[in-house]
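Student: I would like to learn how to read the features of a structure. Where do we begin?

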Amino acid sequence: RQMPVAPDDAAPDAFVVPDPTFRLPEGVTPLAYDLRLEIDPQKDRFAGAVEIRIQLAAATRTIWLHAGELEITGATYREGTRDGVIEGNRMGLRGLRVLALDRPVGPGEVVLKLVYAGPIGSDFQGLFRQRAGGKWAVFSQGEAGHTRRFVPCFDEPRFKASWRVTLTVPRDQVALANAPVELDTKLADGRHEVRFAQIEALASHLLAV
């Protein structure tokens, strides 16, 4: 149910969206993701950063998305030219996570900026790794609801946003994603950064690296 726009003198609770029990609340639409992942198949953890441009239908101080078992270590947002802080995040049911903003934002576009880390598992869900011929490789499996295990996102098929993906991997690793390579840059630390062309209108569960 869409939250109504609260008057300027409303109590803070008027801008808080109640906890969902299954589906993400209405009123927030993801428009574009700019995702960066640092992956080393020799390690069982990865690091990530994502900027998510969203459209808010009404003013709110809480934004629900999916973040699985990810550890969010940095969280800010930008509304127009004004930056703000995401003061906290709390787990809900089924991999849901709520971001608590320092003030009401919207209606309109807002960019969420999240820095995070998470595990690389072996259970064929999210990011996982396998070993063959003495070498490790990392794969992703986002279907049906596992992209949230390596990207904070709006992980429901009804949301189809654009994606810009950049992978930083060891020098001897091949990096692949859903789109052609746009730029491959050697880094001073021996890794290389691979940027892929923008993907249009992709549901989160179809994202692959």
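Tutor: With strand pairing: two strands pair if DSSP finds at least two bridges between them. The model here is predicted.

Student: Which residue stands opposite L183 in β12?

Tutor: L183 stands opposite R195. The strands concerned are β11 (residues 181-186) and β12 (residues 191-196), which run antiparallel and are joined by five bridges. Together β11 and β12 form a hairpin, with four residues between them. In the turn, G190 has a positive phi of about 95 degrees.

Student: Which strands pair with β6?

Tutor: Strand β3 (residues 60-66) pairs with β6 in the antiparallel sense, over six bridges. Strand β5 (residues 82-91) also pairs with β6 in the antiparallel sense, over five bridges. β5 and β6 form a hairpin with four residues between the strands, where R94 takes a positive phi near 55 degrees.

Student: Why is β6 described as largely enclosed by the rest of the structure?

Tutor: Strand β6 covers residues 96-105, and seven of its ten residues are buried, so the rest of the structure largely encloses it. Buried here means under 20% relative accessible area.

Student: Is L101 buried or exposed?

Tutor: L101 is buried, with a relative accessible area of 1%. Its place is in strand β6. Leaving aside neighbours within four places in sequence, L101 is in contact with R61, I63, Y77, V85, I86 and E87. Take E87 as an example: L101 and E87 are 14 residues apart in sequence, and 5.7 Å apart in space from C-alpha to C-alpha.

Student: How is a pair of aromatic rings described?

Tutor: By the distance of the centres and the angle of the planes. Ring centres must lie within 6.5 Å to count as a pair, and planes over 60 degrees apart count as edge-to-face. By this rule there are five aromatic pairs. In one of them, the rings of F46 and Y116 have centres 6.2 Å apart and planes at 80 degrees, so the pair is edge-to-face. F46 lies in strand β2 (residues 45-56) and Y116 in strand β7 (residues 108-119), so this pair ties together parts 70 residues apart in sequence. Both F46 and Y116 are buried.

Student: What are the distance and angle for F154 and F159?

Tutor: The centres of F154 and F159 are 6.0 Å apart, with 75 degrees between the planes, and the pair is edge-to-face. F154 and F159 are both buried.

Student: Which residues touch the most other members of the largest nonpolar core?

Tutor: L112 and F154 do, in a core of 51 residues. Beyond its neighbours within four places in sequence, F154 has contacts that include L24, V28, I52, I63, W64 and F159.

Student: Which residues form one aromatic cluster, and where does the charged end of R129 sit?

Tutor: F124, F128 and F139 form the cluster. The charged end of R129 sits over the ring of W136, 4.0 Å from its centre.

Student: What pLDDT does the protein average?

Tutor: The average is 92, and 93% of the residues score at least 70. Over residues 1-10 the pLDDT is below 50; this stretch has 14 contacts in the model beyond near neighbours in sequence.

Conventions: Residues are numbered from 1 along each chain as its sequence is written. This is a predicted model: local features need pLDDT of at least 70, side-chain atom pairs count only at pLDDT 80 or more; totals for chains, interfaces and linings use all residues. Side-chain values use heavy atoms; hydrogens and water are left out. Rings of Phe, Tyr and Trp (its six-membered ring) pair if their centres lie within 6.5 Å; planes under 30 degrees apart count as stacked, over 60 as edge-to-face and the rest as tilted. Helices (H or I, at least four residues) and strands (E, at least two) are DSSP runs, numbered from the N terminus. Buried means under 20% relative accessible area, exposed over 50%, partly exposed in between (1.4 Å probe, protein chains only). A charge sits over a ring if NZ of Lys or CZ of Arg is within 6 Å of the ring centre and within 35 degrees of the ring normal. A nonpolar core is a set of buried Ala, Val, Leu, Ile, Met, Phe, Trp, Tyr and Cys residues joined through side-chain atoms within 4.5 Å. Contact means heavy atoms within 4.5 Å. pLDDT is the predictor's confidence in each residue, from 0 to 100.
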